Amino acid sequence: MTGRELRIASGVAAGVVILGVAEVAAVWISADSTPLQAVGATIVDHTPDGLREWVIDRFGTNDKLVLFVLMGLVALVVAGVAGLAERVSRPVGSAIFAVFGVCAAVAAVARPHAAWTWALPSILGVVVGITVLRSLIRRIGEFETVTESDDVAIERRQVLRGLATAAALGVGAGVLGRVIGVRSRDVSGERADVQLPEPSGPAVAVDPGADLKIPGLASYVTPNSDFYRIDTALTVPQVSKADWSLRIHGMVDREIRLSYADLASRTPVERLVTLTCVSNPVGGDLIGNAMWLGYPLKDLLAEAGPHPDADMALSRSIDGFTAGSPLSVLIDGRDAILAVGMNGEPLPTAHGYPARLVVPGLYGYVSATKWVTEIEITRFDRAQAYWTKRGWSEYGPIKTGTRIDTPAGHGTLSAGMVTLAGVAWAQHRGIKGVEVRIDQGQWQPARLATEPSVDTWRQWAFDWDATPGLHTVWARSTDGNGETQTDKRQDVVPDGATGYPSITVRIA
């Protein structure tokens with residue numbers, strides 16, 4: 001390796017050390033205080049809507065993994081540049097690392113619920129990283145001054161040994177810190193021991209007629225492992241039920257705080273509710289249906305006594321995310337609940353354990369707060385939530401939508417009878433009908449599965465006598481109020497996508 005290449009490698013090795021030391025330091029502070037976590041969360045908060053939706057559209061629920069990979073690559077490139085620029089008498093690379101450390105520390109302490117100690121992982125990591133960089137660059141300088149061939153070989157081996165040692169220690173520290181941190185905060189064992197309470201009334205049974213069981217068609221109830229996850233948390237918060245509480249305050253007669261133990265004295269309800277992300281494109285899969293166990297929000301709010309002029313419930317997550325729900329929707333009798341169970345299990349950690357909000361009829365960005373810790377009763381003219389500050393609509397009612405699940409688009413099928421199938425939704429209004437159109441033909445009614453609840457999606461199917469050629473299949477739904485979804489194509493910003501879903505298939 002040339003001196004130039006060795007300098008680049010020294011910068012990369014020192015960068016790895018910075019991240020590794022920061023991971024170890026964060027074990028005693030917070031997982032959210034590491035440089036990548038703090039900077040990544042800041043990027044999420046300030047990503048333009050267009051870019052954010054493009055990423056979600058391309059990568060779906062892997063968006064956070066993609067962000068971490070990109071940040072890691074950028075960090076290594078910057079570290080390599082710092083190593084290339086560093087000299088014994090001209091510490092430009094050290095200055096680059098110092099600037100990175102300051103930016104990461106500022107990003108960390110700016111996070112919700114952060115303390116000043118959150119700056120320490122970045123600072124400690126950079127101090128050690130600069131020390132390693134200076135040491136490696138000094139050895140490289142000595143290597144470059146050697147002229148004897150035998151001495152050159154010896155010095156090169158020593159430099160390479162130093163680089164490998166630094167990189168190995170950095171990687172080892174990072175892995176060790178991450179493993180210890182994850183294990184020390186992991187609540188999966190606690191969650192596995194949770195015994196969910198029995199709901200009031202008879203158990204909710206799913207009507208067998210609600211699931212047509214057609215191959216390729218999404219099941220009526222979405223398994224927890226398949227349920228979509230879109231939120232602003234880069235890593236899943238680990239919240240112990242022993243530490244969790246829900247504070248209801250603001251424009252109320254009395255502030256109340258409920259612990260997880262307090263919920264044990266109450267009787268929950270069990271309800272089927274479909275949740276939809278506002279980022280779901282036409283025909284998209286950011287939607288799922290589950291059986292939720294929880295406590296009616298109208299009862300909890302009634303205990304606090306909202307003031308007559310209040311019109312918003314601003315819910316807050318442990319990670320600082322906020323959602324502004326119309327207060328009227330939470331108390332109008334629909335099954336808006338503080339959920340603790342999902343499909344017969346305690347909430348998965350990725351879906352809000354130990355408690356989250358579930359509100360039929362509203363997109364998740366204004367209602368479905370995971371890891372919820374606060375509900376502030378306020379007004380829309382006094383407060384803004386996380387996404388409404390960024391230009392999204394304040395109220396977020398779910399629009400009528402349809403999806404074609406089978407057959408898959410752009411495939412080739414044999415002529416004859418083909419079963420088209422999918423799901424349709426208009427939460428809290430229900431689905432009255434679904435129609436299918438082949439090419440520019442007439443709209444024809446599809447057959448519908450039973451509808452156990454107007455708060456869930458509804459399966460549909462249509463038997464098509466397919467003729468050879470290239471065909472476009474369209475679908476549309478009519479909600480329980482008799483209103484058919486619009487054919488006007490609209491992007492997800494600012495209040496949800498609209499338009500008819502379609503697929504193109506070739507019939508052989």
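Reply: The questions below go from the whole chain to its pockets, its charged pairs and its backbone.

This is a predicted model, in which local features need pLDDT of at least 70 and side-chain atom pairs count only at pLDDT 80 or more, while totals for chains, interfaces and linings use all residues. Residues are numbered from 1 along each chain as its sequence is written, and side-chain values use heavy atoms, with hydrogens and water left out.

Me: How many helices and strands are there in the protein?

Reply: Helices (H or I, at least four residues) and strands (E, at least two) are DSSP runs, numbered from the N terminus. The C-alpha trace that carries them spans about 85 × 70 × 45 Å along its principal axes. Counted in this way, the protein has 11 helices and 19 strands.

Me: What percentage of the residues in the protein is buried?

Reply: A residue is called buried under 20% relative accessible area, exposed over 50%, and partly exposed in between, using a 1.4 Å probe and protein chains only. Of the 508 residues in the protein, the buried ones make up 51%.

Me: Which element gives the largest share of the lining of the largest pocket?

Reply: On a 1 Å grid over the protein atoms alone, a pocket is an open set of points where a 1.4 Å probe fits, with protein on both sides within 12 Å along at least five of seven lines, and lining residues have an atom within 4 Å of a point. The largest pocket has a volume of about 880 Å³, where a volume is the space filled by probe spheres set on the points, which are joined across faces, edges and corners. Its lining holds 41 residues, with Ser30, Asp32, Thr235, Pro237 and Asp319 nearest the centre, and the elements that give two or more residues are helix 1 (3–26), helix 2 (35–46), strand 5 (312–317) and helix 7 (149–185). The largest share, five residues, comes from helix 7.

Me: How many residues in the lining of the second largest pocket are nonpolar?

Reply: The second largest pocket holds about 700 Å³ of space, and 37 residues line it, with Arg52, Ile56, Asp63, Lys64 and Asp231 nearest its centre. Ala, Val, Leu, Ile, Met, Phe, Trp, Tyr, Cys and Pro count as nonpolar, Asp, Glu, Lys and Arg as charged, and the others, Gly among them, as polar. By that sorting, the lining has seven charged residues, seven polar residues and 23 nonpolar ones.

Me: Which residues are linked with Asp63 in a network of salt bridges?

Reply: A salt bridge is a side-chain nitrogen of Lys or Arg within 4 Å of a carboxyl oxygen of Asp or Glu. A search of the whole structure finds 21 of them. In the network that includes Asp63, the other members are Lys64, Arg229, Asp231 and Lys370.

Me: Which residue is joined to proline 407 by a cis peptide bond?

Reply: Most residues other than glycine have a negative phi, and most peptide bonds are trans. Proline 407 is found in the loop between strand 11 (401–406) and strand 12 (412–413). The cis bond there has an omega of about 5 degrees, and the residue joined to proline 407 is threonine 406.

Me: Is histidine 410 buried or exposed?

Reply: Histidine 410 is in the loop between strand 11 and strand 12, and its phi is near 65 degrees, a positive value in a residue other than glycine. Tryptophan 371 also has a positive phi, near 50 degrees, and its relative accessible area is 2%, so tryptophan 371 is buried. Histidine 410 has a relative accessible area of 72%, and therefore histidine 410 is exposed.
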